[in-house]
Protein chains: 2
Amino acid sequence: MSSEKPILHLYYRSFCSWRKGIDYKYCPVNLLEEAQKKEEYSDINPYKFIPTLKIDGNVLTQSVEILEYLEETRPEKPLLPKDPYKRALIRSLVQVITGDIQPLQNMKVLQYIESTGGNKNEFAIYCITRGFEGIEKQLAKTSDKYCVGNEVTLADICLLPQVYTANRFGIDMKKFPLIQRIANNLSELEAFKKAHPQNQIDCPAEEKNKIS
Amino acid sequence: MSSEKPILHLYYRSFCSWRKGIDYKYCPVNLLEEAQKKEEYSDINPYKFIPTLKIDGNVLTQSVEILEYLEETRPEKPLLPKDPYKRALIRSLVQVITGDIQPLQNMKVLQYIESTGGNKNEFAIYCITRGFEGIEKQLAKTSDKYCVGNEVTLADICLLPQVYTANRFGIDMKKFPLIQRIANNLSELEAFKKAHPQNQIDCPAEEKNKIS
């Protein structure tokens, strides 16, 4: 394993954040300036998405891939339990958020919706609400302090940024009391405070006080 | 582990198909009739998506979750190698397909695009093309007979249905020679032939000859 410090290419407001208590160098990619499309970045990440993580001499290019890789190579702070069914429950929440909600309300898709005469906010709210309805129902079976039981898992790491995005779109979180309660619990944890967009080096000053 | 035969709730044309050489009972869910929204189904699958797999006395509700669960509980026919970096490469392809392409071109989203005056085919083609461009570039580094080397992996299981969908939308596959070559190789395998939409019990007769 390489002893070099891992490098994380990210955007401060990016949804696909992750933290696992690993020291790394943060390398901002400004999505508003479409920096992810520039050749030097797309050579690293052919999908032109963020995040990209350079670690152990390898390049990893997708958030779930990165989470699973860290889980397998840094097992000392597990974010997946050992039981296969619990792992599956956690991964289903991860997939709903990272597959069925987030890609539908990211910048590029909303720009397309708008360019064809659609209402991008309405679309984002529809996608997040539909996803949250399923998640809320699922959490009634699986949650305690966090999404699945009382330990922070990969599901929680994906949930909190999605709640942050839901707030940006003005979604009424009163309809989702379990999601909101878990988000509150997570927000108290030091690792999640550090990972908050407003605490990233590329967060513009004017945004720092606006986002919560 | 329960000895009952696993039950798979699916739609014949569903993208999220999976096979791992496991005997199961196929239970069709007609998306065109919105059967996934009915209460008896949403009690099983709160996300109202397919597939749902009942197995070992548990209910699993998302395709990637199902694939990973089968990988962990049925390790005798592995679809992920042992090396963490190779696993990550495979999972990045899985995530691009199941997260960044498929949810954007599924029925519900395209209906929304159309309802707001957009061109749903154009949107689907845009999403698939953008995803395939990244995948093609990635495959130049990782592929041989299949997506990652010479063994069938989870990436291949996700790739072939996406190529089938690309064909439905009339995407010019000449631009993606590696994807097409791998799709051809996969199509020759017995397990993939069995999993083809036209070989599912709920495939309408008039569709059987149309789809390839």
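This is a short tour of a predicted model, going from one whole chain to a few single residues. Residues are numbered from 1 along each chain as its sequence is written, while chains are lettered from A and ligands numbered from 1 in the order in which they are written. In this predicted model, local features need pLDDT of at least 70, side-chain atom pairs count only at pLDDT 80 or more, and totals for chains, interfaces and linings use all residues, with side-chain values based on heavy atoms, leaving out hydrogens and water.

Select chain A to begin with, and you will find 9 helices and 4 strands, where helices (H or I, at least four residues) and strands (E, at least two) are DSSP runs numbered from the N terminus. Followed from the N terminus on, these elements run β-β-α-β-β-α-α-α-α-α-α-α-α. Of the 212 residues in chain A, 59% are buried, a term that here means under 20% relative accessible area, computed with a 1.4 Å probe and protein chains only.

Next, select Asp56(A), which sits in the loop between strand 3 (52-55) and strand 4 (58-60) of chain A. Although Asp56(A) is not a glycine, its phi is positive, at about 55°, and with 14% relative accessibility this residue counts as buried.

Now move to Asp56(B), located in the loop between strand 3 (52-55) and strand 4 (58-60) of chain B. Asp56(B), not a glycine either, has a positive phi of about 55°, and its relative accessible area of 15% makes it buried.

Finally, return to chain A and select Gln62(A), in the loop between strand 4 and helix 2 (63-73). Gln62(A) is buried, at 3% relative accessible area, and its C-alpha atom is separated by 6.7 Å from that of Thr52(A), 10 residues apart along the chain.

Technical notes: Buried means under 20% relative accessible area, exposed over 50%, partly exposed in between (1.4 Å probe, protein chains only).
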